[in-house]
Amino acid sequence: MIFPTNTIILLISVSVVLNFFALALAGNFNQDFDITWGDGRAKILNNGQLLTLSLDKTSGSGFRSKKQYLFGKIDMQLKLVPGNSAGTVTAYYLSSLGSAHDEIDFEFLGNLSGDPYILHTNVFTQGNGNREQQFYLWFDPTKDFHTYSILWNPQSIIFFVDGTPIREFKNLESNGIPFPKSQPMWIYSSLWDAENWATRGGLVKTDWSQAPFTASYQNFNAQACIWASNSSSCSSNSSNDSWLTQSLDSSGEARIKWVQKNYMIYNYCNDTKRFPQGFPPECLLA
């Protein structure tokens, strides 16, 4: 697949700028996160500047933010499991709790050496998901760190990769479609074994001779409304929080169309076999 040189240069330039700002705003994993499972397989290193998750045949590992957020611009740099990562899933997402939870997902589905990762995205509202969109990436996500961002404000949810928007889920509550707006969420990440479905529908299994599998994290940043004691850190006059009203401009709209034209490999809104009685209403309105 060949793409215009000027487009690739633009994407690389945006990535460089974002990486610079991420370094300036980076948080500390010791201060911002708790390791929640893995029996020593998750490690915080370099004075809190690096976090690694590992997976072997016995267990994976994971972590969760110390704080809850109700709206925010969340950035994290990840370097994914290299080599033969088939059967592994690296998940990075926001979620509330309970059967009627809200959730905003990045999931990276591993593959055989030389085959591309699949970036799987989903949005849950009031416990209902089934809004999957999947993408290939325009780079090797195992060679270096790349920034994966979620913008969640009252108007929309936008997924970004190195500053390039790849997906938008708009607030269409006026049309009767639920939107995550009242349940504060934690940030989670985990590395786990999903060989029964992750790679080619489970046909390709995990090669445990390659274990341990390791994913790395750095430069976390949250411009967000922190939820504590049933109140938000953001006031109604939060004029400095430009992300609260941020939306895609014409350039952003063009970039998201470019990504979806060239790199999207699955969109639930086009799956006639799955929805023979008609697509979900947001597919017709967005």
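Predicted model: local features only at pLDDT ≥ 70, side-chain atom pairs only at ≥ 80, totals over all residues.
1. Cys 269 and Cys 283 form a disulfide, with 1.9 Å between their sulfur atoms. For orientation, a disulfide is a covalent bond between the sulfur atoms of two cysteines.

2. Where do Cys 269 and Cys 283 lie? Cys 269 sits in the loop between strand 16 (264-267) and helix 4 (281-285), while Cys 283 belongs to helix 4 itself, so the bond ties together parts that are 14 residues apart in sequence.

3. The torsion about the S-S bond of Cys 269 and Cys 283 is about -75 degrees, and the disulfide is therefore left-handed.

4. How many disulfides does a search of the whole structure find? The search finds two. Besides the pair already described, Cys 225 is joined to Cys 234, with an S to S distance of 2.1 Å.

5. Which hand does the disulfide of Cys 225 and Cys 234 have? The torsion about its S-S bond is about -100 degrees, so this disulfide is left-handed.

6. Are Cys 225 and Cys 234 buried or exposed? Cys 225 has a relative accessible area of 2% and is buried. Cys 234, at 17% relative accessibility, also counts as buried, because the cut-off for buried is under 20%.

Conventions
Residues numbered from 1 in each chain as written. Heavy atoms only, no water. Disulfide = S-S within 2.5 Å. Buried < 20%, exposed > 50% of the residue type's maximum accessible area, 1.4 Å probe, protein only. Helix = DSSP H or I, 4+ residues; strand = E, 2+ residues; numbered from the N terminus.
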